[in-house]
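This report describes the interface between two protein chains. The sequence and structure come first, followed by the contacts.

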There are 12 protein chains.
Amino acid sequence: MNLLLIQGANMEYLGKRQPEIYGTTTAAELDALLTQEAKRRNVGLEIRYTNTEGEAISWIFDAERRGIAGLLMNPAGFVHAGYALRDCWYAIQMPVIEIHMSNIDKRHIKSVTAEAARGMVMGLGVQSYLVAIDAMVRVLSAGKTTGA
Amino acid sequence: MNLLLIQGANMEYLGKRQPEIYGTTTAAELDALLTQEAKRRNVGLEIRYTNTEGEAISWIFDAERRGIAGLLMNPAGFVHAGYALRDCWYAIQMPVIEIHMSNIDKRHIKSVTAEAARGMVMGLGVQSYLVAIDAMVRVLSAGKTTGA
Amino acid sequence: MNLLLIQGANMEYLGKRQPEIYGTTTAAELDALLTQEAKRRNVGLEIRYTNTEGEAISWIFDAERRGIAGLLMNPAGFVHAGYALRDCWYAIQMPVIEIHMSNIDKRHIKSVTAEAARGMVMGLGVQSYLVAIDAMVRVLSAGKTTGA
Amino acid sequence: MNLLLIQGANMEYLGKRQPEIYGTTTAAELDALLTQEAKRRNVGLEIRYTNTEGEAISWIFDAERRGIAGLLMNPAGFVHAGYALRDCWYAIQMPVIEIHMSNIDKRHIKSVTAEAARGMVMGLGVQSYLVAIDAMVRVLSAGKTTGA
Amino acid sequence: MNLLLIQGANMEYLGKRQPEIYGTTTAAELDALLTQEAKRRNVGLEIRYTNTEGEAISWIFDAERRGIAGLLMNPAGFVHAGYALRDCWYAIQMPVIEIHMSNIDKRHIKSVTAEAARGMVMGLGVQSYLVAIDAMVRVLSAGKTTGA
Amino acid sequence: MNLLLIQGANMEYLGKRQPEIYGTTTAAELDALLTQEAKRRNVGLEIRYTNTEGEAISWIFDAERRGIAGLLMNPAGFVHAGYALRDCWYAIQMPVIEIHMSNIDKRHIKSVTAEAARGMVMGLGVQSYLVAIDAMVRVLSAGKTTGA
Amino acid sequence: MNLLLIQGANMEYLGKRQPEIYGTTTAAELDALLTQEAKRRNVGLEIRYTNTEGEAISWIFDAERRGIAGLLMNPAGFVHAGYALRDCWYAIQMPVIEIHMSNIDKRHIKSVTAEAARGMVMGLGVQSYLVAIDAMVRVLSAGKTTGA
Amino acid sequence: MNLLLIQGANMEYLGKRQPEIYGTTTAAELDALLTQEAKRRNVGLEIRYTNTEGEAISWIFDAERRGIAGLLMNPAGFVHAGYALRDCWYAIQMPVIEIHMSNIDKRHIKSVTAEAARGMVMGLGVQSYLVAIDAMVRVLSAGKTTGA
Amino acid sequence: MNLLLIQGANMEYLGKRQPEIYGTTTAAELDALLTQEAKRRNVGLEIRYTNTEGEAISWIFDAERRGIAGLLMNPAGFVHAGYALRDCWYAIQMPVIEIHMSNIDKRHIKSVTAEAARGMVMGLGVQSYLVAIDAMVRVLSAGKTTGA
Amino acid sequence: MNLLLIQGANMEYLGKRQPEIYGTTTAAELDALLTQEAKRRNVGLEIRYTNTEGEAISWIFDAERRGIAGLLMNPAGFVHAGYALRDCWYAIQMPVIEIHMSNIDKRHIKSVTAEAARGMVMGLGVQSYLVAIDAMVRVLSAGKTTGA
Amino acid sequence: MNLLLIQGANMEYLGKRQPEIYGTTTAAELDALLTQEAKRRNVGLEIRYTNTEGEAISWIFDAERRGIAGLLMNPAGFVHAGYALRDCWYAIQMPVIEIHMSNIDKRHIKSVTAEAARGMVMGLGVQSYLVAIDAMVRVLSAGKTTGA
Amino acid sequence: MNLLLIQGANMEYLGKRQPEIYGTTTAAELDALLTQEAKRRNVGLEIRYTNTEGEAISWIFDAERRGIAGLLMNPAGFVHAGYALRDCWYAIQMPVIEIHMSNIDKRHIKSVTAEAARGMVMGLGVQSYLVAIDAMVRVLSAGKTTGA
């Protein structure tokens, strides 16, 4: 079971960017943490960062062609106007779980992509990623989720 | 570590209510599943159903007084206008994780309570509850979540 | 054929409450009138009053379990924000006919529940209830209404 | 007691038009059904179809001059922007009952004419017309409706 | 100098229609008053009533072809959604003065046609028509109005 | 019969200000024109200019105390947010006729004061003032306007 | 002179709930303070807490039947969507004074009940209750308030 | 293959109406051009003009009864509020192609009918009609359009 | 303890202005009443009237420089658009209590200044002023209000 | 005559992406079809796909510098928020024809780019591209389109 | 080259007013700083403060009559509803540069005057004034700004 | 002191793009002008153009890592929906000054990035860039701007 995690616009600056919201864990530290968790669960995990929405879209179509089983994505800066990304998610077959470190409702942010995801995990800081891996494994193990 | 799960308005009808959205698992079956999972994780789990927002609020204050560690809640029918419930969540100290079985963004539903929760898990059907327990355990274990 | 009529928030004060809008017939007089009409038509009619939306919801699920054939309801004070009630109506199988004594459009009131009802009768004062009984009998006699 | 029923824009195509919403009863069949019901109740019923809002308005003023007792009208296509028709209803003395075959709230349609009607019956398919005749007879028999 | 006055939807019912707003002068009495005023000023005045927006439009194009010098029009019922009428006014060369008997701002009515008129006189009851004739004569006498 | 004409904010610059909208007649020339017209009609006319809304309000209360019969006012720059002026017009007994040289609807300007006026004349350039004097004389001569 | 004070949703948690907004006085301490003030003024004061809107409504109708002279109420959590409570206030005869400890405008909260109250006191913390008692005594002493 | 082209409100004035938007080709010249193109393609083409929405609707139902294969229509003045026309298009079976000479998006015009058409051609002046004939021939030749 | 009371736009006309809303007590009578109450409480009270927002602002800065302890203000006509006044209240240190004689929520008026006040008293007619003096004395006596 | 066709975000997935909306023709098959049609008409046609808006913009400026005669573009995923693309279209001289396979009005999609195009063809599936080539040839042959 | 700087409502309180936003430089210190800078650049600078919008307008017309070359203005409290001021700026010939010390976008403030200015400098605290003088000198030196 | 100037989408076409708004100075000429000014002030200035928002973001993070002191940016085509860019500005430490050649308020354009900038200079054509350099030098020289 191979997963792709895409970190959207500005995530490369994690740890330096508004630490009162996003904490002080850097992108490199987060990657190490997730790679370790994936290994523990025996799941393949590919992590990519981009600031360009179109690049993310190209990677996603490519991932589906390569047989990746599920997409985890923190749209980050694309959350506000990533309509093309949303349409991309509608276009593919693999399930998508959207991730946010902060509680976006508390910050009055409306995600334009969320409606095209299978589900969402938000508000738990770095833990959001770990919980999302747990969620994706459950979704893929259950096939078509009962009662979704 | 004792948790309280409150099922909001209309959840007592789970399994019979719009199964194309909520699946065919009944409330009783869900309770059994969750109780078993809690036992496996060695967590205390109390499950309550109510159709009245004020009753949920009273239970929550009572739970905090009793020292319950965390609140899991599917606001269900209160998602649209549960402002008093939202104010209640702001009033308490224990973390709240909001749960939805369906992807509420896909259904164009705006949760008025979400801004007062620590985080949210949604869109994974019955799995949303299991993932939410995983999330709450992580939150409580980490103390103040890093990077939330 | 047994029907349940639920009178929503503030209906207990009928006859004393804004008589220029709702007339001077009291709740007790209205109940007598409707009971008599039901008897004339050989229909069972149970009438209940509540000021609490959640209590109404619980009664409705209970009614469906008991095999009540149809629900007549004047949402009254729940008309403005009764989203949980609306979701309840979507959850059940029995048809619902929404009743209003006054013309709510004329008063610029938007019913949030109406979209989940089978139909609505409004604006005819006390007569709205009698016409609604007539409507429910027709709906139940015709099975799935032709051309609805 | 003579009534006028006006069928608004597109009703001439009843039975052929979106049968999943409006059923398969044709305009001619509906007319026969209503004429029979009127005869049974000993009420005069004149039925007219028009696609032009102004023509409907002219007929209504003419009907009031001729002493017609009440107007039944399905505004149909005029429901969205029939402001002139609404003003006409305000201008006349005879009561108006607005009719819709479908539940317009469920279809998220806002009737601009409803505020000028005495009342409305909707959502019951072909039965809406029969219930509306019943309602109009009650309104006219009661004189000024008690508690309207 | 020949003028055309068109009375829009529902004006045929003047005197009978909501007299607390529009007074008790009938359409016939108004016509007599205006004809007399026109004669006094030596102006040709043609008065027409219609409930159909398209008919008004056809008359206006016809009037321009016949060389009528100016159009006086009370859009009446077309005030709310008469976009086609508005486009017609933009299409013609002759000046239009829009007339309302009541103060439409006080009634919170937005005229969709007003932006295409040369000017407007409103709020003066029957006097609005007399003032509008005065205004049109001034406009036509001044040629292109100074400082318009 | 004595009238007060108040010219609102920026009117002192008439003739120099956006002449493509307001023409080239200066404030002084306009005053001469209106004074002459008032003399011809045997009406007293007092003309005042102010850029301060509160000053206009003080003058209006003063005018009513002095027995001025009617107020003509071009709110000009106060048209957009002159709510205090609007409340003042509601407070007084004498009739107010609002004047605009340009067609404010065509310029997509909403007058917040208009709802408190007896009527309005607009869009006729300098002629708007002359027509407004005509209108005020008719209103005051007729006492309570017939059919207003 | 007997008064009823109802504390709405979440007020039972006063002193523990967001003390930066609501202070540290507990519900019990507040009750003691108010009871003492009522005694000093020789007024009967009954204090009740509820988290359920419908329960508050039932108490209000009951209070009016028992002859309570005036209602003091902090809608608290019901302030956002308490439309049924608002309709209840319209239904009763006794005056209502709405109370808020915080300045709700500063917090951008719109009270849906306020339009049905006689008046409101807000923003003065615990003092809001004492001032409201003063206000109610004045209202009841003056009978129909002069200049309300 | 017979087509019906309906020209909506104000199109009879083509060539004289706002030539900076619609050009100087007159209605008669356009008809000649289109008739010639239809002949060249061996397609029957009937062209009708109306200023009344209801008349257009009646023609459309009549055309479908007569077996016309496709409807070309420039809604023109009906574009803003032609909801009844839109419902008519939903009611019929034959494909509709909506035509505009100007780019309506550039003019910030929202077509209320477009959602009920098969497709639209706009912004190409007189050429829009020729392109629309080309489009309709392709649609009718292909039967159900691939990938529509 | 010296207080300043500013009466905003149109208050000079109190007693004559819309007495069905504001009562028949004149400005002079109100001043006498308040002066007497201030004397009874041993509080200095300066009362000023203005129709100009900027003049009120200048008085307020002057009052703060002079050491006035608190500001009572009925913004009256400034309630709708008094943003500069609101900014002024944010700029000063002394507490402000906003006063309204009528229930502004009932009249669907939104106060733009209220968010910058310490608190508000409204809806009690002339009594609103007396209650506001009581409130200000409590605020100033308590220093920083507990639980505000 | 050389044309450039740009396929916007997600078009590379044509045929696999939501086939119920976009059909089963793949991007490669579409390219073949269009190349053949271009050859038949003796027109040069260059086809490019991109998921990145900025890349499309760079290609467009480059195309104008290279002397490409006209731009055909299906903005696809850029339709929702492609404001930079819209500004680019305003910046260039060559005509743009916007293409959509589906009827975007029916899907309640608002194109933010359309206002900057010369015209649009939509709703005809794969045929939309063929009709758009026809339209562009007409536009370029006619020079400045008559009556655009 | 003589310039006029007008400081709008509440600026007289600079240094005491919300120092976390506006800093601690007082109005007198700012004036000294700007006078010195003007002297250094050999520019005449007149500085005036007002809390009344109408007074600002009168000064501006007066300045233009006196031949002042350019207007620098911090609308301050007039930024929210200074429509009359905006119309004044449109009326004059001299260029206006609007100044704000804070970043008004960050504070979610919409300037209603900005559309009538030549340009704006904001967000730089006291430096905003110095930069604005630099900007005005460049504008006046360049005559009609290239590429504005 | 080294600065980075980024020119957003479509700026590469400066001089050819809508010269009535942006003037005829080309991108190359502007670069020469700014380089010369930077040299004169002894400031390092790096100028880059991009049509892709994500590329701009990557450059900005890179610049901060390289120790660039301040960012000047004309978001140009990103002004409408550049939310990811805005979030990037919030993420970095160096000050940002946003530049626009035209007065964006006059064009009714809302900048979504401006709230994250330190300040803005707009409306002065090519001069906006020169003034912005002046502003940035002042900001960096003053350290934390006084009174920002």
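## Polar contacts and salt bridges

Between chain B and chain A, eight residue pairs are in polar contact, both residues at pLDDT 80 or more. A polar contact is a pair of N or O atoms within 3.5 Å; within protein, one must be able to donate a hydrogen and the other to accept it, and residues adjacent in sequence count only if both atoms are side-chain atoms.

Four salt bridges are counted between chain B and chain A (a side-chain nitrogen of Lys or Arg within 4 Å of a carboxyl oxygen of Asp or Glu). One of them joins the side chains of B:Glu37 and A:Arg138, at 3.7 Å from N to O.

## Basis of the model

The model is predicted: local features need pLDDT of at least 70 and side-chain atom pairs count only at pLDDT 80 or more, whereas totals for chains, interfaces and linings use all residues. Residues are numbered from 1 along each chain as its sequence is written, chains are lettered from A and ligands numbered from 1 in the order in which they are written, and side-chain values use heavy atoms, with hydrogens and water left out.

## Extent of the interface

In chain B, 38 residues are in contact with 38 residues of chain A (heavy atoms within 4.5 Å). The area buried between the two chains is about 2,900 Å², with 53% given by carbon and sulfur atoms; buried area is the accessible area (1.4 Å probe) that two parts lose on being put together, summed over both.
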